[in-house]
Amino acid sequence: MDYKEEIIDHCKHPRNFGDLEDPKIIIREGNSSCGDMVEIYGRIVARKIEIIKWKGIGCAISTAAASMLSEKVVGMTKVDLEKFGEGGIIKMLGGEINVGRVKCATLAYKALLKLFDE
Amino acid sequence: MTRCHSDTIKKTMFDVNKIRGDFKILKRKVNGHDLVFLDSAASSQKPRQVINTVVDFWENHNANVHRGVHTLSVEATTMMDEARKKIARFINARPEETIFVRNATEGINLVAYSWGRKNLKKGDVIIASLLEHHSDLVPWQEMCRETGATLKIIDVDGNGQLKIDPPSRKASEGRSELREEDGVVCGPLSEILDENCKLIAVTAVSNVLGTLVQISEVRDQRSEKAPGALLLVDGCQLVPHMPTDVKKMGVDFLVFSGHKMLGPSGVGVLYGRKEILEKMDPFLFGGDMISEVKAGHSTWAELPHKFEAGTPDFAGAVMLGAAVDYLSEIGMENVRDHEKELIAYGLEKMKKLEEEGLVKVYGPLNAEERAGVLTFNVTGVHAHDAAQVLDKYGIAVRSGQHCGAPIVEFCGTSAMCRASFYIYNTKEEIDCLIEKIREVPKVFRIDN
């Protein structure tokens, strides 16, 4: 597996990284096998994601996935997000994630799904 | 025979190239490169002799054990019994003290459920250490929660060594080093050990930092301050790598897993001192562990069968016996000598990279205090990413928390890379690792 330029870019310059003033929802998700952690701050308006900010520690894959998702999911409903699925994450990351890294790739996505449960 | 002479004989017996020839997998290519397998602490590779044993078993001797009077069943039973005897001899235990379990985790759970549930109560103390693998920590957390006993943790010093501190040294200093870690009292053994302690669960070798723990010091303190406390040792990184003698160590329980010592996954061993095992109730109930069964009640079989309910992994046990034969043929002192040479070499090379600011090394920096486990991070790169880049060059290292989250966190990081060595590894492979570590920052455009 090679690191695509886009992953390196998002990893070095993560988008929407930081706190959200007056977040409606905060979700914390950890990956106990590697110690990665992501915290998602979001606001949902009319059942759609209005804004996402996030913070976390993790590898290039989990960082890039959180960064890319924070742009991609704005405007999505829960159904949209579910439809996007883990397959969508893998595709978004360049389509080449080995089985050992799937947990890294989907960490932020799992947290995002919980946004709608709150 | 002079010592020098015997050393020469030992050395000539250990031929790493000959050993490598027994491991076909070491000839395979990974991503176009020769495989450099540095992940034996997670699971070792298996030599042809061990694989052939299980093929021979399935093809020529297979039948269920302890059940039939027919020839195949008798052969299978005899082979499993022989394997048990070999494994017992390997750690200087008696066969009836050598219980087959699925893995070390199951062995520890067996002790927790069978001994812990019956013997622990509020006011009692269980002591584990900050170096423990999750398998030797979580069962004790749960047992304390269930019985009301208290968990205390032996702390670690800056070199990754357990703070055992003989009472004599403690007395001369006179100040307390106790602290709280996640609501649990954490400190030197000398400060947390008293007669309330009912069991000390400690690893002989840290799977994260490679630290060799002075079990004899733990044992001596136990004998002095809490003679009633049992000593359970996690031998997962000990038994595959150096001579092990449960009697000399003076342990009450020792657990280890087959797959880390050239054997199969799915088989591990719990050693328990006979007098203790005899007083313990079974952990699992069913076939094979009974003496007499009536409609309304049953009595238990003798050791070791009392703790081996159901059809065991008999083929796995036979294969583990073959692994023990293979290791015994090499000699466990030779195994340790070889790995000590590798870790000394690896530490020296890695320290140079550290001086350049390229990596951070974790754990004891002295081969005398360390097993063949080299733990590091590449500066500015997450462990998973470093491992992924190394994999591109055919180098297999483990990355993450190594099922030892508390000690990883104690070292001030969230994840680490770990290169671990075994009988088939070479200095050339370490050179390859060191060379390719230099490529890692380039991928992430980090200037060191």
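How many bridges join strand β13 of chain B to strand β14 of chain B? The two strands, residues 290-293 and 298-300 respectively, run antiparallel and are joined by 3 bridges.

## Model and conventions

This is a predicted model, in which local features need pLDDT of at least 70 and side-chain atom pairs count only at pLDDT 80 or more, while totals for chains, interfaces and linings use all residues. Residues are numbered from 1 along each chain as its sequence is written, and chains are lettered from A and ligands numbered from 1 in the order in which they are written.

Helices (H or I, at least four residues) and strands (E, at least two) are DSSP runs, numbered from the N terminus. Two strands pair if DSSP finds at least two bridges between them.

## The hairpin of chain B

A hairpin of 4 residues leads from β13(B) to β14(B). Within this pair, V293(B) stands opposite S298(B) in β14(B).

## The sheet of chain A

In chain A, 3 strands form an open sheet in the order β1-β2-β3, with antiparallel pairing. Because β1 (25-31) and β3 (48-57) of chain A stand at the edges with a single partner strand each, one side of each has no neighbour in the sheet. The twist from one strand to the next averages 20°; angles run from 0 to 180 degrees between N-to-C directions, and axes are lines fitted to C-alpha atoms, for helices over the stretch in contact. β1(A) is joined to strand β2 (residues 36-45) of chain A by 7 bridges, and I25(A) stands opposite G42(A) in β2(A).

Two helices accompany this sheet. Helix α2 (residues 60-72) of chain A packs on the sheet and touches β2 and β3 of chain A, with its direction at about 160° to that of β3(A). Helix α4 (residues 102-115) of chain A lies across β1, β2 and β3 of chain A and runs at about 35° to β2(A). Contact here means that the C-beta atoms of two residues, placed from the backbone, lie within 7 Å.

In the segment after α4 of chain A lies E118(A). E118(A) has 10 other C-beta atoms within 10 Å and is therefore exposed; the class requires 12 or fewer such atoms, a buried residue has 20 or more, and a partly exposed one lies in between. The C-alpha atoms of E118(A) and I25(A) are separated by 7.0 Å, although these residues are 93 apart along the chain.

## The sheet of chain B

The open sheet of chain B has 9 strands in the order β4-β12-β11-β10-β9-β5-β6-β8-β7, and its pairing is mixed. Its edge strands, β4 (98-101) and β7 (179-181) of chain B, each pair on one side only. From one strand to the next, the twist averages 25°.

Strands β9 (residues 197-203) and β10 (residues 230-234) of chain B pair in the parallel sense over 5 bridges. L199(B) stands opposite L230(B), and V202(B) has V233(B) as its bridge partner. β10(B) is mostly covered, with 5 of its 5 residues buried. L230(B), L232(B) and D234(B) point one way from the strand, and L231(B) and V233(B) the other way.

## Domains and interfaces

Chain B is divided into domain 1 (3-30 + 332-443) and domain 2 (60-329), with bounds from an automatic or database domain assignment. The centres of the two domains, taken over C-alpha atoms, are separated by 27 Å. Each domain of chain B contributes 22 residues to the contact. On the side of domain 1 of chain B that touches domain 2 of chain B, the elements giving two or more residues are α13 (332-355), β16 (373-378) and α15 (405-410) of chain B. α13(B) gives the most to that side, with 6 residues.

Between the chains, 13 residues of chain A are in contact with 13 residues of chain B. The side of chain A that touches chain B has 8 nonpolar, 4 polar and 1 charged residues. In this classification, Ala, Val, Leu, Ile, Met, Phe, Trp, Tyr, Cys and Pro count as nonpolar, Asp, Glu, Lys and Arg as charged, and the others, Gly among them, as polar.

## The largest nonpolar core

The largest nonpolar core has 165 residues, and those with the most contacts inside it are A65(A) and A108(A). Such a core is a set of buried Ala, Val, Leu, Ile, Met, Phe, Trp, Tyr and Cys residues joined through C-beta atoms within 7 Å. Helix α12 (residues 314-330) of chain B gives the most to this core, with 11 residues. Domain 1 and domain 2 of chain B both give residues to this core, so the core lies between them.

Leaving aside its neighbours within four places in sequence, A108(A) is in contact with residues including V38(A), I40(A), W54(A) and A65(A).
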